[in-house]
Amino acid sequence: YGVVNAAVTSGGTLTTTLTNLAVTADTGLSVTAGNVSATDSSFRGGSYGLYQNGGGTAQLTRVQLTKNSYGAYLNTAGTTSCDRCTIAYNTSYGIYEYSYSTGTAHTTTLTSSIISHNAGRGVYRASSSGYGSMSLTTSNVWGNNGSVGAGGENSASNNFYNFSSDLSLNSTSNRSFNPLYVDAANNNFRL
């Protein structure tokens, strides 16, 4: 395992493939500008699996953000795409997105991903209406905890919290069932 943090801070590009980072410091992937592409990678054990603040683009494919405080913390402008990702067993939120003004609009797309077993809500979107967007399609969101807050939409199992009306959930393609990982205790998140 590499015990390093990967960061893009000033318009560069970072591509990781087959990376398995046991994050012992603060952040697995940090994006404040530029572009990050991660494929078949795992980031676990830090404060943030993905920390995106101030812009940039993060494109994750078959990435595991597990056993961090936050799986993904998305604050202010930027774009995040998760395709076939697993965001699980984080001690706070699975995905936390904060967009409150024109300069902080964040766009998040989750496709065919699993968000489960997080101590806080699986998906938390705090936004003023019209700023940024979040979309979940063909994903499984199950078994997340967290107290139900005021306002927004909350499911019975506390999987989602949305402060505005721009969280797009495709109710015919998303599911909520136990993913039955092979051995999550030993970081085997295969199904």
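Predicted model: local features only at pLDDT ≥ 70, side-chain atom pairs only at ≥ 80, totals over all residues.
I began with Asp-40, which is partly exposed at a relative accessible area of 30% (buried means under 20%, exposed over 50%, partly exposed in between, with a 1.4 Å probe and protein chains only). Residues are numbered from 1 along each chain as its sequence is written, and side-chain values use heavy atoms, with hydrogens and water left out.

Next I looked up the partner of Asp-40. Arg-62 forms a salt bridge with Asp-40, and their closest N and O atoms are 2.6 Å apart (a side-chain nitrogen of Lys or Arg within 4 Å of a carboxyl oxygen of Asp or Glu). Arg-62 lies in the loop between strand 8 (57-61) and strand 9, and Asp-40 in the loop between strand 5 (35-39) and strand 6 (42-44), so the pair ties together parts that are 22 residues apart in sequence (strands are DSSP runs of E, at least two residues, numbered from the N terminus). Arg-62 is partly exposed too, at 35%.

How many salt bridges did I find by this rule? The count is two. Asp-83 and Arg-84 form a salt bridge, with 3.0 Å between the closest N and O atoms. I noted Asp-83 as partly exposed at 23% and Arg-84 as partly exposed at 41%.

Last, I turned to Asn-68, in the loop between strand 9 (64-66) and strand 10 (70-75). Asn-68 is buried, at 1% relative accessible area. Its side chain reaches the backbone nitrogen of Gly-45 at 3.0 Å.

Notes
Helix = DSSP H or I, 4+ residues; strand = E, 2+ residues; numbered from the N terminus. Polar contact = N/O pair within 3.5 Å; in protein donor to acceptor, adjacent residues only side chain to side chain.
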